[in-house]
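Try each one before you read its solution.

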Amino acid sequence: MKKELIELRVNGLTHELAIEPSALLLDVLRRDLDLTGSKRGCDDSSCGACTVLVDGTPMLACTLLAFSCEGQEITTVEGISEHGSLAAIQKAYGDWGGAQCGYCTPGFMITVKHLLTVNPDPTEEEIRSALSGNLCRCTGYTQMYAAIKAAIEAEKKGMATLK
Ligand code: FES
Ligand code: FES
C-alpha cells in the first residue's frame, strides 16, 4: 500500500514519518519510533497493555489508526518520567515489586498517570474502577496495588517515593 506522510507528536517531540494510511498507532510507535514500552497483548482492545495518552486521554493504540492522532499529543510510558527522573508510579513499582513479567506494566502506569491527573486523591473503589480495563496475568494484583497506592501517597506529599 502506498505510504503517506504524517507528523506525529510523541512525548514532546515531532516526528515526520511515511506510513500506510491503515497503520495502527501501536505499530508506528514500536516499529517506526522504536518506542517499545507500549505492548501488544490481545490486539482487540481487551487487555490495556497498549494504553497511551492521546491529548491526555487513555486510548488503546492497538486499535487506533496513527493518522487519527495527527495534531494530537501522544504520551507513552517512555514519556512519563519527569525532568529526567522516574515518575512516582515508576519508582513505586520498583520499590513495591509491582511487576513480575512487566508486560502489563506500561499500560497500568499510563492509566494511573491519567487517574492522578483527573483525580489526585482517589478512593480504593475509584482506583479499581479506573484500572478495570488493564489486565495482569502474573501478579495477583496485591503488590501492584501497593505500588499504585504508594505512588498516589507520594504524589500527594509532593515526594518522589515513600521509601
Ligand atoms: S493490545 Fe491493545 S488492548 Fe490489548
Ligand atoms: S506483570 Fe506480567 S502480565 Fe502483569
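**Exercise 1.** In which loop does Asp 34 lie? Work out its backbone and its exposure too.

*Solution.* Some ground rules before we start. This is a predicted model, where local features need pLDDT of at least 70, side-chain atom pairs count only at pLDDT 80 or more, and totals for chains, interfaces and linings use all residues. Residues are numbered from 1 along each chain as its sequence is written, while chains are lettered from A and ligands numbered from 1 in the order in which they are written.

Step 1: Asp 34 sits in the loop between helix H1 (25–32) and strand S3 (51–54). Helices (H or I, at least four residues) and strands (E, at least two) are DSSP runs, numbered from the N terminus.

Step 2: Asp 34 isn't a glycine, yet its phi is positive, about 60°.

Step 3: count neighbours. A residue is buried if 20 or more other C-beta atoms lie within 10 Å of its own, exposed if 12 or fewer, and partly exposed in between, with C-beta atoms placed from the backbone. Asp 34 has 8 other C-beta atoms within 10 Å, so it is exposed.

**Exercise 2.** How many residues of domain 1 are in contact with domain 2?

Step 1: apply the contact rule (C-beta atoms, placed from the backbone, within 7 Å). That gives 14 residues of domain 1 touching 12 residues of domain 2.

Step 2: on the domain 1 side, S3 contributes the most, with 3 residues.

**Exercise 3.** Which residues have the most contacts inside the largest nonpolar core?

*Solution.* Step 1: such a core is a set of buried Ala, Val, Leu, Ile, Met, Phe, Trp, Tyr and Cys residues joined through C-beta atoms within 7 Å.

Step 1: the largest one has 47 residues, and Ala 61, Ile 89, Ala 92 and Ala 151 have the most contacts inside it.

Step 2: H5 (142–156) gives the most to this core, with 7 residues.

Technical notes. Contact = placed C-beta atoms within 7 Å.
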